[in-house]
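User: Hello! I am new to this structure and would like a friendly tour. Could you take my questions one at a time?

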Amino acid sequence: MTTTTPTAPTADVPPADARVLGLAHYAARGVLEQILTRHGVTFQQQVVLRAAATAPTPPTRDGLVADVRGTLKADPADIRTVVDGLLDKGLLVEDGAHLPATDAGRELLAAVGAEVAPVSARIWGGIPAEDLAAAGRVLALVTERADAELADAELAAPTDG
């Protein structure tokens with residue numbers, strides 16, 4: 001049995017950087033968006049719906065917007081528009097101050113998940129566990145640092161009034 005050892009990046013295998021991360025993200029997101037389109041929802045709608053459906057308790061509108069803002073780094077007004085669209089589609093429902101996913105919303109997420117699972121297995125399959133662990137550590141650090149930069153930028157931004 002032949003054992004391979006990791007080698008330094010070559011012309012065929014670039015080192016991880018922001019561009020490589022972006023290319024991987026958009027390639028995987030493109031695959032997901034094809035599936036979501038077949039189900040009549042956008043990427044942002046799926047993120048908001050999943051956040052509502054997986055919350056330990058049904059979120060409030062403000063809580064859902066804050067949660068999704070932390071995930072997507074999107075403008076709260078845009079997220080509110082997505083929430084309104086999900087309400088209009090009957091995938092979320094207003095229950096007092098809370099916005100739980102409806103049965104239709106949970107069924108949609110299950111259908112998307114069932115369609116994504118085999119594709120995800122093909123994309124991620126065969127990658128050694130130690131490579132996934134290393135990538136996970138690096139991506140967690142990149143996320144932490146980028147979140148810190150965003151927080152610093154928000155603190156430094158001029159305010160109205």
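This is a predicted model: local features need pLDDT of at least 70, side-chain atom pairs count only at pLDDT 80 or more; totals for chains, interfaces and linings use all residues.

User: How far apart are the end C-alpha atoms of H5?

Analyst: H5 has 22 residues, and at 1.5 Å a residue these should span 32 Å.

User: At what angle do the axes of H1 and H2 cross?

Analyst: Two packed helices are described by the angle between their axes and the distance between the axes. Here H1 covers residues 18–38 and H2 covers residues 43–54, and their axes come within 9 Å. The two helices are therefore roughly perpendicular to each other. Their axes cross at roughly 85°.

User: Which residues make that contact, and how many of them are nonpolar?

Analyst: On the H1 side, the contact is made by Arg-29, Leu-32, Glu-33 and Leu-36. H2 contributes Phe-43, Gln-44 and Gln-46. Sorted by class, the contact has two polar residues and two charged ones, and its nonpolar residues number three.

User: Is Thr-102 buried or exposed?

Analyst: Thr-102 lies in the loop between H4 and H5, the helix of residues 103–124. Leaving aside residues up to four places away in sequence, Thr-102 touches Gly-90, Leu-91, Leu-92 and Val-93. Its relative accessible area is 16%, so Thr-102 is buried.

User: Which helices do the buried residues of H4 pack against?

Analyst: Let us start with the residues themselves: Ile-79, Val-82, Val-83, Gly-85, Leu-86 and Leu-87 are buried in H4. The 13 residues of H4 should span 18 Å at 1.5 Å a residue, and its end C-alpha atoms are 18 Å apart, which agrees. The buried residues of H4 pack against H2 and H3.

User: What is the phi of Lys-73, and where is this residue found?

Analyst: Lys-73 is partly exposed, because its relative accessible area is 42%. Its phi is near 55°, a positive value in a residue other than glycine. As for its place, Lys-73 is found in the loop between helix H3 (61–72) and helix H4 (76–88).

User: Which residue just after H5 takes a positive phi?

Analyst: For this one, look at the stretch just after H5, where a residue takes a phi of about 80°. That residue is a glycine, Gly-126.

User: How far apart in space are Ala-18 and Val-142?

Analyst: Ala-18 is found in helix H1. With a relative accessible area of 65%, Ala-18 is exposed. Along the sequence, Ala-18 and Val-142 are 124 residues apart. In space, C-alpha to C-alpha, their separation is 9.2 Å.

User: And what separates the C-alpha atoms of Ala-27 and Val-68?

Analyst: Ala-27 also has its place in helix H1. Ala-27 is partly exposed, with a relative accessible area of 48%. Ala-27 and Val-68 are 41 residues apart along the chain, and their C-alpha atoms are separated by 22 Å.

Key
Residues are numbered from 1 along each chain as its sequence is written. Side-chain values use heavy atoms; hydrogens and water are left out. Helices (H or I, at least four residues) and strands (E, at least two) are DSSP runs, numbered from the N terminus. Buried means under 20% relative accessible area, exposed over 50%, partly exposed in between (1.4 Å probe, protein chains only). Axes are lines fitted to C-alpha atoms, for helices over the stretch in contact, and angles run from 0 to 180 degrees between N-to-C directions. Angles under 35 degrees count as roughly parallel, over 145 as roughly antiparallel, 65 to 115 as roughly perpendicular and the rest as oblique. Contact means heavy atoms within 4.5 Å. Ala, Val, Leu, Ile, Met, Phe, Trp, Tyr, Cys and Pro count as nonpolar, Asp, Glu, Lys and Arg as charged, and the others, Gly among them, as polar. The expected span of a helix is 1.5 Å times one less than its number of residues.
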